[in-house]
Amino acid sequence: MKTSGPDLAPLLRVEGAQVHFRTTRFGRRRTVQAVRGVNLEIVSQETVALVGESGSGKTTLARAIMGLDPLHAGSIMLDQHRIDNLKGAALRSLRSKLQMVFQDPYSSLNPSLSVGASVAEPIRNFFGYSGKKLDGAVEELFERVGLLAEHRHRYPHEFSGGQRQRIAIARALAVQPQLVICDEAVSALDVSTQNQILSLLGDLQRDLGVAFLFVTHDLSVVWHIAHKVAVMYLGELVEFGPVDDVLLNPSHPYTQSLIAAVPVPDPQLARQQHRATIAGEVPDPANPPSGCSFASRCPHSISRCSQESPDWDFVQTPNWRVRCHLHNEL
């Protein structure tokens, strides 16, 4: 669990982001609204956790920020420069400021290259290093992520999952980015290795000043890594605020349901707790409901919820916001 991040101007600002996909189902063309009008800010040296169940649009939003999926509407600013409309050399230059660590490090590493070569490639491409200077930079990165420098000559299949993720992190840090997006970066690892990687990311943030957008469905991970939490449902953000506020006293019914679904290790305590559950199915993203997107599954829903989309409202402080008509009454 971390304290609040620095009070600085946003490093990343997402405004009104929309991402749509054209698909075919049963022979009929349709448009899936994967991300619907998302606003999000991350300041320098801060970690924001983006949480929500599968299919909520977390990864699509992360890919849009990286420029891997185009925006249908809205804008993305990094360090006060718009980046969602970049192409060619300008897009390539962006890669030195913004990097991504994927869920499966084995599939994101070239199996035919040594891991040292994979880490060296971006350093050579962006900084022009070669020879001993390049070798020294690679060795320093390996040591920084907790690996032996002599292991750089090995290949991805010779490492464990946790070690491969360390290599992927070293490659992401090779170009000295301002922001690193971690997309379910520890979900494929065992609990002990997860804790090691989370501790490593915390050390790297302290030493290098890098910011993180940490995409995850595991709320227990959020406690260890995040300053703030952004909760996503059906392509929209529904709650955003400091990690302690959101996880200890959630204001949105969807956030409450997510936290209630976290397993409690004490069976007796689990039986005593009232555990709110989410009823029904997630609405079709190709035909999202009017009003509040969570209304059809919310146990507190009233007629207004299905008719009128809620605006953002402050919860106690301007840093904590929620989209719910009834949050003051729950």
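## Ground rules

Since we're looking at a predicted model, local features need pLDDT of at least 70 and side-chain atom pairs count only at pLDDT 80 or more, while totals for chains, interfaces and linings use all residues. Numbering starts from 1 along each chain as its sequence is written, and side-chain values use heavy atoms, with hydrogens and water left out.

## The four-stranded sheet

Let's start with the open sheet of 4 strands, ordered β2-β1-β4-β5 with antiparallel pairing. β2 (28–43) and β5 (81–82) sit at the edges with a single partner strand each, so one side of each has no neighbour in the sheet. Strands here are DSSP runs (E, at least two residues), helices are H or I runs of at least four residues, and both are numbered from the N terminus. Two strands pair if DSSP finds at least two bridges between them.

At the β5 end, β4 (residues 73–78) pairs with β5 in the antiparallel sense over 2 bridges. Leu 78 is the residue opposite His 81 in β5.

## The eight-stranded sheet

The other open sheet has 8 strands, running β6-β7-β8-β3-β9-β10-β12-β11, and its pairing is mixed. Its edge strands are β6 and β11 (313–315), each pairing on one side only. On average, neighbouring strands of this sheet are turned by 25° against each other, direction ignored. For angles such as these, axes are lines fitted to C-alpha atoms (for helices, over the stretch in contact), and angles run from 0 to 180 degrees between N-to-C directions.

On one flank, β6 (residues 98–101) runs parallel to β7 and is joined to it by 4 bridges, with Val 101 opposite Cys 182. β7 also pairs with β8 (residues 211–216), again in the parallel sense, over 5 bridges; there Val 180 has Phe 212 as its bridge partner. 5 of the 5 residues of β7 are buried, so the strand is largely enclosed by the rest of the structure. Buried means under 20% relative accessible area, exposed means over 50%, and partly exposed is in between (1.4 Å probe, protein chains only). Both faces of β7 are covered, with Leu 179, Ile 181 and Asp 183 on one side and Val 180 and Cys 182 on the other.

## Helices across the strands

Helix α1 (residues 58–66) lies across β1 (10–25), β2 and β4, at about 115° to β1. α1 also lies across β3 (47–51), β6, β7, β8 and β9 (228–233), at about 145° to β6. 7 of the 9 residues of α1 are buried, so the helix is largely enclosed by the rest of the structure. Those buried residues are Lys 58, Thr 60, Leu 61, Ala 62, Ala 64, Ile 65 and Met 66. Just after α1, Gly 67 takes a positive phi of about 85°.

Then there's α7 (residues 191–208), which lies across β3, β7 and β8 and runs at about 160° to β8.

Not counting residues up to four places away in sequence, Gln 176 touches Ser 96 and Phe 127 (contact means heavy atoms within 4.5 Å).

His 151 is in the loop between α5 (131–144) and α6. At 14% relative accessibility, His 151 counts as buried. Leaving aside neighbours within four places in sequence, His 151 contacts Val 115, Phe 142 and Phe 159.

## Cavities

On a 1 Å grid over the protein atoms alone, a cavity is a set of points where a 1.4 Å probe fits but cannot get out, and lining residues have an atom within 4 Å of a point. Grid points are joined across faces, edges and corners, and a volume is the space filled by probe spheres set on the points. The count comes to 2 cavities of 30 Å³ or more.

The largest cavity has a volume of about 80 Å³. Its lining has 13 residues, with Pro 253, Cys 292, Cys 298, Cys 305 and Cys 324 nearest the centre. The second largest cavity, at about 40 Å³, has a lining that includes Glu 236, Cys 292 and Arg 323.

Note on methods: 1 Å grid on protein atoms, 1.4 Å probe; cavity = no way out; pocket = protein on both sides within 12 Å on 5 of 7 lines; lining within 4 Å.
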